[in-house]
Amino acid sequence: MARLASSSLGLALLALLVASASASAAAEAHYVLSLDVDYDAGTYEGTLTVTWENPASEPIQEVFFRLYPNAATLYAGASVEILDARVGDTPVDTALYVDDTVLWVPLPQPLSPAQTASVTLAFRGRASLRLDAPPPVTHEYGILTKTPYALVLTSFYPLLAPYLAEGWALDPVGGIGDALFSEASSYEVTLRVDRRPTPIASGFLVDAAQDGDAVVYRFLADHARDFSLVLVSDGRVPHGTSVDGLSVRVWFGPGHTTAANRALEQARAAVALDRDLIGPLPYDEIDIVEVPLQHIGGVELTGLILLSETYTVTPYDPFFDILVSHEVAHEWFYAAVGNDPVEAPWLDEGLATYLSNVFLAEIVSPTAAAAERDRWARSAALASSAHPEIPVTAPLYDFPDSTTYSALAYSGAAYELEGIRRLIGDEAFFAALSSYYRTSLFSIATPLDLRQSLEAACGCAIDGALFPGPEVP
Ligand SMILES: [Zn+2]
């Protein structure tokens, strides 16, 4: 996410990790998702079957899903409810925890390590409505929202919670930052909706078939952290290009041709630059969609980027370059390489912020890039003087507000990465980013993974603000 707001709303929430046995590498989960969407109402019903392997080193008797729409903070006005739950063919009684954002599903029999189980959930949900009046003053971002001409559906279905070395990651959803945290998975999605809106989604469209007044679309997505979808009904058409077979498409509103062309030009350049610096992206498509967000400039999803209409009206402002290249960089560091957005939000936000500056320096203007780095230093210093107890590596729930969060986890972390680059040189620095990317691909990386890549690339010890604590043995 690119954060811009200066809201003071912030919640200090404790992370909740249900202690359990250590995690091990497991096969990716497979989601079969069937959706029926009422576009005008902004509601949906569906079923999903998740086939999933026990990643623990001992038998487990329960599994947890996240129901992000029920978070009154970032998703205010939206909701999702479970209508039926089965493990295999066996109906089970579920329970809700953590402000109804965690679904507990008991397993009828213990599941041994590396054994697979299938959980089928029937669910019904609704987007928040923003139809004619200005939105109420909430912290809702607009990421699960119906407007007169768009239905934005992100994190809208039950998502398997990540299982980490410490156990299930079940953090409360706070009022700032990103909540969506999931493992890379494969998706097979069937979407039924009336014929008017155009779907723009993660993964790629396999086929579409008319069925009475409806159209049934089928999508596939591999190694996806999420399946996200925007339906639009304003007649917009994509502007597209490709980079080494990766399709990049920009979907802006009718008449926004100048901004769409600029976004496409900058997204194409950012994809090529990040590919050269870090490595090829293992996806087929990136769709970039203009939607009415609030409090934020953009949101990263797998193969799908949302950009706020607030900023697409000024496509030649340097901030637009930063926004587009920041969100593009998240396809490498959020989607392909995951990390915990609550416990270590600086990891992907610092990298995406840093790569947006490399983009400015290489593609737009070295002077603008230097000015932006100066701005990082000033805003991080200001935040640190106001909150000396909060390091740039703090978990999300330690930040009192989004301004402090942005100044430290984005600007402060990026400023520290610049310091490391100056210390070890361009060659070692980018070799380390590339190594981190390749070794962490499709997994959930930690700050230690990045530190080890940096130390291996430079043959030196890296410590300081991003990596406090003893040297890696
Ligand atoms: Zn971001």
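The model is predicted, so please read the points below as computed from its atoms. The chain is assigned a domain 1, made of residues 26-131 + 154-224, and a domain 2, covering 345-458.

**Strands that pair with β10**
- Strand β4 (residues 43-53) and strand β10 (residues 116-126) run antiparallel and are joined by 11 bridges.
- Within β10, Ala 122 is the residue that stands opposite Thr 47.
- Strand β6 also pairs with β10 in the antiparallel sense, here over eight bridges.
- If you look at Val 80, you will find Gly 125 of β10 opposite.

**A closer look at Asp 84**
- Asp 84 sits in strand β6, which spans residues 79-87.
- Is Asp 84 buried or exposed? Asp 84 is exposed, because 12 other C-beta atoms lie within 10 Å and the cut-off for exposed is 12 or fewer.
- Between Asp 84 and Val 206 there are 122 residues of separation in sequence, and their C-alpha atoms are 29 Å apart in space.

**How the two domains meet**
- How many residues of each domain are in contact? Domain 1 contributes eight and domain 2 contributes nine.
- On the side of domain 1 that touches domain 2, four residues are nonpolar, three are polar and one is charged.

How values were computed: Residues numbered from 1 in each chain as written. Predicted model: local features only at pLDDT ≥ 70, side-chain atom pairs only at ≥ 80, totals over all residues. Helix = DSSP H or I, 4+ residues; strand = E, 2+ residues; numbered from the N terminus. Buried ≥ 20, exposed ≤ 12 C-beta atoms within 10 Å, placed from the backbone. Pairing = 2+ DSSP bridges. Domains from an automatic or database assignment. Contact = placed C-beta atoms within 7 Å. Nonpolar A, V, L, I, M, F, W, Y, C, P; charged D, E, K, R; others polar.
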